[in-house]
Amino acid sequence: MTEQPTAPSPVPERYRRYALWVLLVIYILNFLDRQIVSILAEPIKHDLHLADWQLGVMNGLAFALFYTVLGIPIARLAETGNRPRIIAAAAGVWSLFTMACGFAQNFAQLVLCRVGVGVGEAGCTPPAHSLITDYTPREKRASALAFYALGTPLGGLFGMALGGMVADAHGWRAAFLLAGVPGLLMALVARFTLIEPRSRLRADMIATAVARIPFRDAIAEIRGKRTFWLIAFAGAIKAFIGYGAATFLAPFFFRNHAAELIPLADGFGLGLTGFLGVTLGIVLGLTGAAGTWLGGFLADRHGARDLRAYVAIPAVSTLLGIPFYPGLFTALGREGWREWHKPLI
């Protein structure tokens, strides 16, 4: 198979690196505002007298429904619109709604605020992926997208750690208010420093870059692509499991291992929420970042020789992680082992 020549980048290499860092920081804040609810779920539950199903709706359905549905029209807008402006507007919206969560007085208000966060965050990744594709040569795109995807584990890390510590010191409402401020600043950075590269493309590429096929034709194009649907289904299943577990991960430790965690938190001079947030943030954030970077590196290295590597690498890594889920939720702490080994008589 003849290798296609690489199109010249419409932006200088130095600017490309800057733009990737800006997009990474924005995506970190995207996930920080999304995941901070996980560590604040238990304090919110007790303060607003919520049931577990309400925590699930607040952190899952209310957010994901609008996030998923709105991703399609925003992606369509990004095909011809100014992508940096879309990202800037999205960051401003989700940041303001994150701050509004701190003023919620009941379940309904909190759900509406989380819907707003989902609406805003839906406008981040579609135009960001599109920008990265235009900024980056073909042979470096997997690594560039993996670099952007570091925002997922790093956002979770900062959301858990900072959210927990701020909640211990000033309450969960202050954690929401503080979490929204950086996003407003990065919205300004995106608006005034990110370049829309379509204006810099060669004349013979402009028509392709701004072409907008009818939506029904786009659906028809992917309808018969079996690989696309298998990847989409796999991603949906993985998100279903991952986000479902993440919603109740911190509450699980609060409810089952608080007796062991309190002395540890005291030893570090932290409250229970802060200690658990820092611990979960570091464990999940650093391992997630390492896996994300390694996945992109391996995909670029092996995908050049065999395109199947782009799906084989995430498939194998997902299978390797499966045994750790039941291990996490069935592991007994120190007190649990004492109860387990207690003589029957």
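**View 1. Arg 173 and Asp 47 form a salt bridge, with 3.9 Å between the closest N and O atoms.** Arg 173 belongs to helix α8 (residues 172–193) and Asp 47 to helix α1, so this pair ties together parts that are 126 residues apart in sequence. A salt bridge here means a side-chain nitrogen of Lys or Arg within 4 Å of a carboxyl oxygen of Asp or Glu. Helices (H or I, at least four residues) and strands (E, at least two) are DSSP runs, numbered from the N terminus. Arg 173 is partly exposed at 23% relative accessibility, and Asp 47 is partly exposed as well, with a relative accessible area of 38%. For these labels, buried means under 20% relative accessible area, exposed means over 50%, and partly exposed is in between (1.4 Å probe, protein chains only).

A word on the model before the next views: it is predicted, so local features need pLDDT of at least 70 and side-chain atom pairs count only at pLDDT 80 or more, while totals for chains, interfaces and linings use all residues. Residues are numbered from 1 along each chain as its sequence is written, and side-chain values use heavy atoms, with hydrogens and water left out.

**View 2. The whole chain has 16 helices and zero strands.** Of its 345 residues, 40% count as buried. Looking at contacts with a separation of 6 or more, 82% are between residues 24 or more positions apart; contact means heavy atoms within 4.5 Å. The salt-bridge count comes to 11.

**View 3. Helix α1 (residues 13–48) meets helix α4 (residues 107–121), with axes that come within 12 Å and cross at roughly 170°.** The two helices are therefore roughly antiparallel to each other. On the α1 side, the contact is made by Asn 30, Asp 33, Arg 34, Val 37, Ile 44 and Leu 48, and on the α4 side by Leu 110, Arg 114 and Glu 121. Sorted by class, this contact has four nonpolar, one polar and four charged residues. The axes are lines fitted to C-alpha atoms, for helices over the stretch in contact, and angles run from 0 to 180 degrees between N-to-C directions. Angles under 35 degrees count as roughly parallel, over 145 as roughly antiparallel, 65 to 115 as roughly perpendicular, and the rest as oblique. As for the classes, Ala, Val, Leu, Ile, Met, Phe, Trp, Tyr, Cys and Pro count as nonpolar, Asp, Glu, Lys and Arg as charged, and the others, Gly among them, as polar.

**View 4. Ser 38 sits in helix α1.** Ser 38 is buried, with a relative accessible area of 1%. Leaving aside residues up to four places away in sequence, Ser 38 touches Asn 59, Met 160, Ala 246, Thr 247, Ala 250 and Pro 251.

**View 5. Arg 17 and Glu 13 join their side chains in a salt bridge (3.5 Å, N to O).** Because they are four residues apart in helix α1, Arg 17 and Glu 13 are separated by about one helical turn. Arg 17 is partly exposed at 44% relative accessible area, and Glu 13 is partly exposed at 36%.

**View 6. His 49 lies in the loop between α1 and α2 (52–80).** The phi of His 49 is near 60°, a positive value in a residue other than glycine. Most residues other than glycine have a negative phi. His 49 counts as exposed at 68% relative accessibility. Gln 54, in helix α2, counts as buried at 13% relative accessibility. Not counting residues up to four places away in sequence, Gln 54 touches His 49 and Phe 107. A polar atom of the Gln 54 side chain lies 2.7 Å from the backbone nitrogen of Ala 51.

**View 7. Asp 306 and Arg 308 meet through their side chains in a salt bridge (2.9 Å, N to O).** Asp 306 counts as partly exposed at 29% relative accessibility, whereas Arg 308 counts as exposed at 61%.

**View 8. Thr 318 has its place in helix α14 (residues 309–321).** Thr 318 counts as partly exposed at 29% relative accessibility. From C-alpha to C-alpha, Thr 318 and Lys 238 are 8.2 Å apart in space, and they are 80 residues apart in sequence.

Definitions and conventions:
Polar contact = N/O pair within 3.5 Å; in protein donor to acceptor, adjacent residues only side chain to side chain.
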